[in-house]
Structure formats: C-alpha cells, structure tokens
Amino acid sequence: MNTKSIFLALCCLTAFSSYAQHVPTLEEVVNGGLIVTKGESRVNWLSEGNSYSKKEKNPAGGYDIVSYTPGKNKREVLIPASMFVKPGTSDTLSVRSFSFDTSHKQVLVYTNTRRVWRYDTRGDYWVLNMETGKLRQLGAQLPESSLMFAKFSPDGTRVAYVSGNNIYVEYVSDGKVVQLTRDGSNTIVNGTFDWVYEEEFSCRDGFRWSPDGKYIAYWQSDTEGTGWFDIINNVDSLYPKILRFPYPKAGTTNSAVKVGYVAASGGETTWIDLPGDPRQNYIMRMDFIPESNDLFIQQMNRPQNTNKVWIATIGGGAPKNILTETDAAWVETNDQVTWLKNNTYFTWQSERSGWRHLYRVSRDGKDVQPITKGEFDFIEQVGMDVKKGLVYFIASPDNYTQRYLYSAELLGKGEVKRLSPMDEQGQHRYDLSPDGKYAVHTFSNSVTPPRIEMVALPSHKTVSVIENNEEAASQYQQLQLSPKEFVKTRSGDLQLDAWMIKPVNFDPSKKYPVIIDVYGEPAGSTVQDVWQGGDLWHQYLANQGYIVVSIENRGAAAPRGREWRKCIYGEVGTFASQDQAQGILDLARQYSFIDTSRIGITGWSGGGSQTLNCMFRYPDVFCTGIAIAFVSDQRLYDTIYQERYMNTPQANPEGYRKGSPITYVEGLKGNLLLIHGTGDDNVHYQSCEMLVNELVKHGKVFYQLSYPMRSHSISEREGTTYHLRKSMTDYFLKNLPAGGR
C-alpha cells in the first residue's frame, strides 16, 4: 500500500470510529449532500500543451479564467472576472464554456444557453479581445440564444456559427456577417443534425473550417419524408400544445444527408458526390486532414455492416474510397482518427482480429498494420506523444469491470505496456495534454471516491495532487454501508460478471429477496468497479431488506471481445433475459441466502425492456418488476440504433418479434409497475400505451405511473425524482416482501 492509501485508510478509520452508523434516508439519497466529491477530471488544455485553463470563482464575484502549468506549480490569471462585464452595464457574463483562438489573444465565451434535446447546445456567444479588453456579442442581429457551435477561423479573424439551421461567418474586427446558407428551415438542416443523428451518432456540431480558413465543409439533412412524431403537452396551457419533430422509426424513411463545402466568403455550395442513396446511407464523420484541403469522410450503409472511408479534395472532383471496413454484424464509427508521419498514415480501430485493436493505415489504405494486438480490447484512445512515438489507451485484459492505462509504439510490433499503478485496482481515467507529456489522472473504484492528480507520462510519476477527496472518503466510511461485492455467475457454460449489495444488518443464515438492476443492451454496461457516488440508491434499497444485484449479460458493452458483444446480432432482448434468469439462479446456487421465491427486477430504457422480457418470458423466476421508460416493441425505436443491432423489421421480422416484450404479454404472472414520461422524445410514451393496450387485451393486472411532460430521464419539474424513487420503493415493499427469513 502506498503512502496516499495509508493516509486515506487512517482518515477513514478515524471517521469510522468517531461516528455512529447512519443509514441514509430516501430524502438524503435524492437530495444529495451526504457524500460531496470535488475536483474535475477534465481540463481545458491550451493548444501548446504545457498548460491548461479553468474557471475559478473570484471573491469579488463572477469567475476568473486561470491557467496552470504542470510541473512548475505555476498559476496565472489569464482573464479576470471583471473583463466579462457586458458593455454599458454592470452585468457579468455567466460563462458556460470558453475557447481561445490560436494566438491566445482572443477568447470565445458561450453563455445564456438553452437545451436542445439532451444538451444545451444553443445560446449566445461573445468574443473578448484580451489585449484591448473589448467584449462584443456575436450574432446580435439574430434571436436570443439561437447560436450553435461557434468557433474561430484558423487565423482568428472570423467566427462561424449556426442559427436557425443556417451557417454564418462573422468578422471579429467589425462585426460584418456573411450568411453562407439560406435554405435552412424546419425540414432542411445545415451545420447541425436531426434528432436521430444527434442521439445515435453523437453528431451535433455539423461544420468544419478548412485548415487554410478559406472554406467551410458542412452536413445538410433533408428531413422531408421522414415520419414526424408528436408529443402532446397537456400541463403548461389551457389547451394542449403539440411538439413535432422528425423521428425515423425502425424500417421507415431516413433523412437524406449529404456533405458539401462553401467558400467562407460566401457563394454556392459544392456537394460531394458520394455514391449511394442518401436515405440508405449514413455520413457519420467528416473532418479535414491536417494541413490540407482534403476531407476524410466515413460513410456507413443503412445496415451498418460496412463503413467506407473516402477522401474528397476541395475542387478535386470525385472522392476516392481508400478503406472499407466490414463485419457480419455491425461496425462502429471511428471517432479518434489521428494522422501520423506528415499525414501519410492514420490510426484506425477495428475488430477484424476478433478483438478491438488500433491499426496504422497508409493514406491510400493499402498498408494496414496493427499498433496493438493480443486477446484483449483496445477500449479507448487517451492521446499520443508523437515525438516519443507512443499512443496511450485504456484496456483491461484481466478484469472486465476495471480500466487501466497502457501504451504502445505507433511504429512498433503491437506490444503493449501497462502504466497505471498496480496497487490501484479499479478504474483509471486520463485527460492527456496535446503534447502527450502530462495527464490529469483520476482513480476510483466502487468504494473509493475519485482521487485526481497530475502525472507525467510515460513514467506515471505524480506531479501534483489536484483533489484527493479525503473528506468524501470519510463521509462514505461514516455511513458504514455494505460495500459492493463483485462476483461471478453463469448462464449455461458462459461466465458472467455481477455485483451484489447486502443490507447493513445482513444475517447470512437467513434468506433474502433480490432486486436486480438491469440494462443489458449493447449501448452500456452496469457491472463496473468505479465510484458511483457511493451507490446510495442501491444502498437505500438494500437497507430496506433486499440483496441488490446487477448481472452483465451477453451483448453488453464490456471489453470481452467481438463475439461477446456481437453474438446478440438480430437477437437483442432474447439472450439478455436468458442470461439474467440463469444468472440469478446460479447465484442462488452459490449463495444460500438468496430466496428464489422473492426475485424482483427493474431497469430503465433498454433495462426497462429487459425487465419486461424477464417478467413475461421467465415468470417462474421473476415475481415483481418495475419497468421504466422502456421499448415494448422494437419497431417503435429509431432506425440507427435498432437497425444497427437488428437490421430492419422488413429484413428480420422474426428477430423483432422475438426480441420485443410485447410479444410475450400472456406470460405475465407476477406484479408489474410501468413508469414512463409523457414528454419522452427518445423512447416515446406511445411504447407504454401500446403495451398497456396489449396487457388489457389479455386481462393482465398491472399498475402504471405516468409523469406528464417528463423526458427520458424523468427528472424535470419539482419533486419528480423523489416521487419516482418513493413510488418504486413502496411498490417493492408492498409486492416483494423485504427482510431475511
């Protein structure tokens, strides 16, 4: 144990002995404050790579922008809060985020933000000249809080942004505005994306400056022909209001998406002639190759089993297909492409070996060599030190619930080296400086709050401690809760990861009911050895007298190789519920304190769908379930997500039938509570109503709780979270008798 760990343990021991045990109440769990963690694991690295900037409160009011230099313990106020006062007023800008131009003499400030679906990507932008102190609002002629994704031109003389689905360029010196597109409307979207691209491809910022600042390349989506979904707001006015937006459901018409470029000074757009029907293909990624006017474009077919890479040159005619990635199931987007050796090679992630690894690919696509190899998954690229020829990445070959930093030589033979400390078992995250010399390192596990430090790489030597969260660790220990235990279970011949939490007054000689918290779909993973605020909701449930369990079924996003993740292709929902049922029965065989007559299950979103599948398909295993914001019929969900894992309903009708809980309604025997927000733009309330209709048809008794105009998170409006958690608790206590017997 290192000195930090010893010090932390002593602090925790002192706290443990000084306080009586306090079992959190539901109010404390919902309202927070029992365990307060501090510090940020992400920083705003400055472009030269040897320092980073952040917001800090100014004692006189507002926020200063300060910089820190790793290794030198140097702090400098770059921009005092006084420089953010709006001209002619005493009002100070509320800085949501900021970015510098390449000279670091100007800063772009994002403020007065508004939510667009899940994220506040619309607001106001101001430019501050740090030398003259001049602060000026951009797009002043446009509606308030209507600007999106503003960014400096490479030379800092202009800023481009989107407003009202059109793209503008504004000159910093005199405020001259050039409108680059004029066809933006409710159906034509320029420089940003429709709902489904934003949700499933994480596409939001839809335009790019060319490296020479002469052009802007951008996406355009034509949503005409896509089905529109209506959400009815019955609570905010005397008569209902209708929110309409294009939402393509599985097997229906997609938006027509294309990419093009236009001179930053204005003019006609040149559209890039990519082959294929734009409604039957996706353009998920596009960026300029550094120091060139060449665009690197990824185009995926609608089944998402082929990703074609194109290079298109400004003014250069037809694009060239240099690489094609295929898979019998589905392929992923490549989000961390990095150019090497004077832009003659690029990095590329692929599962072609059966494991996800990083490859080095020549610019013409003909030479493909592994940078990492072995029977483990390359989880995520952290960054590079190009001068040292190293790539830093996250992997976990020996424990799928944990995460560690590794390095590999960019021009090597695939060997990898672990850098994260061997005595810190859990999950490690890194925010790497642009030059690859330093990183903000965050370590945590299920019982250890985040410890944040600056480290030098590749030595991983601690340069400075940013936040050790000793107080949060003490607060956690004072509660004297039962720690999350990581265990193994089986589904047939397959070993699964799982965890369990026991009540604080647990008696191993008695039998306890179980509540399983499930997700189970390819988009996420629940069995992770990482700090999650002390798991206070799960701890609260456990302390009502339950064993709380989570099981990682096949198909979940765990680093267990291609076969683990993709064996569920065309079968989403079937393997997951089978693994949950067999997994909990195997745990009961291992642990005599599990009462198989009292097994409950709950989940949200995809987890709600798995809850329903478990309740309907395995009614003799699961006796009580709470399904939240669920997809009852897979045909109701969007094209990109559902078709990625299932193909279309037209091509795979039997898979959609088998995977959809609504198919098995007749199997329900136990207690079922349905919870859904009527304002859910993601998994529509329609999904709940269709299931209710089917349950009623078959004479099945159930309970339902609907939250008016709450979204997929069911978190908006006063009192919502407490009401939801209280309702869940009461339902379990009434229908799944708690306590050891």
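What share of the contacts between residues at least 6 apart in sequence join residues at least 24 apart? I looked this up first. The figure is 58% for this protein. I note that the model is predicted.

**Overall form**

I checked the radius of gyration next. It is 27 Å, and a compact globule of 741 residues would come out near 27 Å, so the two agree. I then took the extents of the C-alpha trace. Along the principal axes they are about 75 × 65 × 60 Å. For secondary structure I have 12 helices and 43 strands.

**Burial, surface and charge**

I looked up burial across the 741 residues. Buried residues make up 57% of them. The accessible surface comes to about 30,700 Å². Carbon and sulfur atoms hold 48% of that surface. For charge I have 78 positive and 82 negative. Their mean positions lie 1 Å apart.

**Helix α11**

α11 covers residues 685-697, which is 13 residues. From first C-alpha to last, α11 reaches 19 Å, close to the 18 Å expected at 1.5 Å a residue.

Which residues of α11 are buried? I listed Tyr 685, Ser 687, Cys 688, Leu 691, Val 692, Glu 694 and Leu 695. One of these buried residues is a glutamate, Glu 694.

I then asked what the buried residues of α11 pack against.

Last, I looked past the end of the helix. Gly 699 follows α11, and its phi is positive, near 70°.

Methods: Residues are numbered from 1 along each chain as its sequence is written. This is a predicted model: local features need pLDDT of at least 70, side-chain atom pairs count only at pLDDT 80 or more; totals for chains, interfaces and linings use all residues. Side-chain values use heavy atoms; hydrogens and water are left out. Helices (H or I, at least four residues) and strands (E, at least two) are DSSP runs, numbered from the N terminus. The radius of gyration is taken over C-alpha atoms; the globule rule is 2.2 Å times the number of residues to the power 0.38. Buried means under 20% relative accessible area, exposed over 50%, partly exposed in between (1.4 Å probe, protein chains only). Contact means heavy atoms within 4.5 Å. Accessible areas come from the Shrake-Rupley method with a 1.4 Å probe; for residues, only the protein chains shown count as cover. Lys and Arg count as positive and Asp and Glu as negative; His and the chain ends are not counted. The place of a charge is taken as NZ of Lys, CZ of Arg, CG of Asp or CD of Glu. The expected span of a helix is 1.5 Å times one less than its number of residues.
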